[in-house]
Amino acid sequence: MTTILLFAPRLRDGTDLQGVLEAEGWTVVRAASARGFAAMMKARHVDLVVLDDPPWELARFAVTAMDGAADPVPRIWLSSLPEAPGHSARLGVDALLLAPIDKPKLVDQVQALLSTRGSMASGSHPTFPLGSTLTTPVPTLAPVATPAGDTSVGLRPRKGRARTDGSWEEESTGNWP
């Protein structure tokens, strides 16, 4: 059973996010204070945390508590703070949703994070169709000439192109020894 910890220190204006999440079949536990949040994190296994617009100090506290957990916990921050986009990188949240909260978008984000967490925990990896190739270019590195007496080793991207037989055709720059 998937457990979501909803950290909601403020009352929302008629939006019951706990009900929305429970309607999707997830078990939701709610904490309204820093002490309650810390107790919930220690008392049970939590699969995901939703920070429901806590004040900045409480958001930082919650993230610090999650960072101290043995198993990393994905986190979604729902915020009405205008500076939230800048703060979200410092908090290290997995997703930021700005107020007003779009309930279907929240559900989609929770599903995405839980499915990613589930696939990582199961040890499964993404699969690719037979015969497909990775399209991300991987640079080949070659030694760089260093000043006399310098014992460090420098590397630079290799210039040239790969031949069909697997060998490398160097591109001459005129400066290469």
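In what order do the strands of the open sheet stand? The order is 2-1-3-4-5, in an open sheet of five strands with parallel pairing. This is a predicted model, where local features need pLDDT of at least 70, side-chain atom pairs count only at pLDDT 80 or more, and totals for chains, interfaces and linings use all residues. Residues are numbered from 1 along each chain as its sequence is written, and side-chain values use heavy atoms, with hydrogens and water left out.

**The sheet**

- Strand 2 (27-31) and strand 5 (95-98) stand at the edges, each with a single partner strand, so one side of each has no neighbour in the sheet.
- From one strand to the next, the twist averages 20 degrees.
- Strands (E, at least two residues) and helices (H or I, at least four) are DSSP runs, numbered from the N terminus.
- Two strands pair if DSSP finds at least two bridges between them.

**Strand pairs**

- Strand 1 (residues 3-7) runs parallel to strand 3, and four bridges join them.
- In this pair, Ile4 stands opposite Leu48 of strand 3.
- Strand 3 (residues 48-52) also pairs with strand 4 in the parallel sense, over four bridges.
- Here Val50 faces Ile76 in strand 4.

**Strand 4**

- Strand 4 (residues 75-79) is mostly covered, with five of its five residues buried.
- Buried means under 20% relative accessible area, exposed over 50%, and partly exposed in between (1.4 Å probe, protein chains only).
- Arg75, Trp77 and Ser79 point one way from strand 4, while Ile76 and Leu78 point the other way.

**Helix 2 against helix 3**

- The axes of helix 2 (residues 34-43) and helix 3 (residues 56-67) come within 10 Å and cross at roughly 15 degrees.
- Axes are lines fitted to C-alpha atoms, for helices over the stretch in contact, and angles run from 0 to 180 degrees between N-to-C directions.
- Helix 2 and helix 3 are therefore roughly parallel to each other; angles under 35 degrees count as roughly parallel, over 145 as roughly antiparallel, 65 to 115 as roughly perpendicular and the rest as oblique.
- Ala34, Phe37, Ala38 and Met41 of helix 2 meet Leu58, Phe61, Ala62, Ala65 and Met66 of helix 3.
- Contact means heavy atoms within 4.5 Å.
- By class, this contact has nine nonpolar, no polar and no charged residues.
- Ala, Val, Leu, Ile, Met, Phe, Trp, Tyr, Cys and Pro count as nonpolar, Asp, Glu, Lys and Arg as charged, and the others, Gly among them, as polar.
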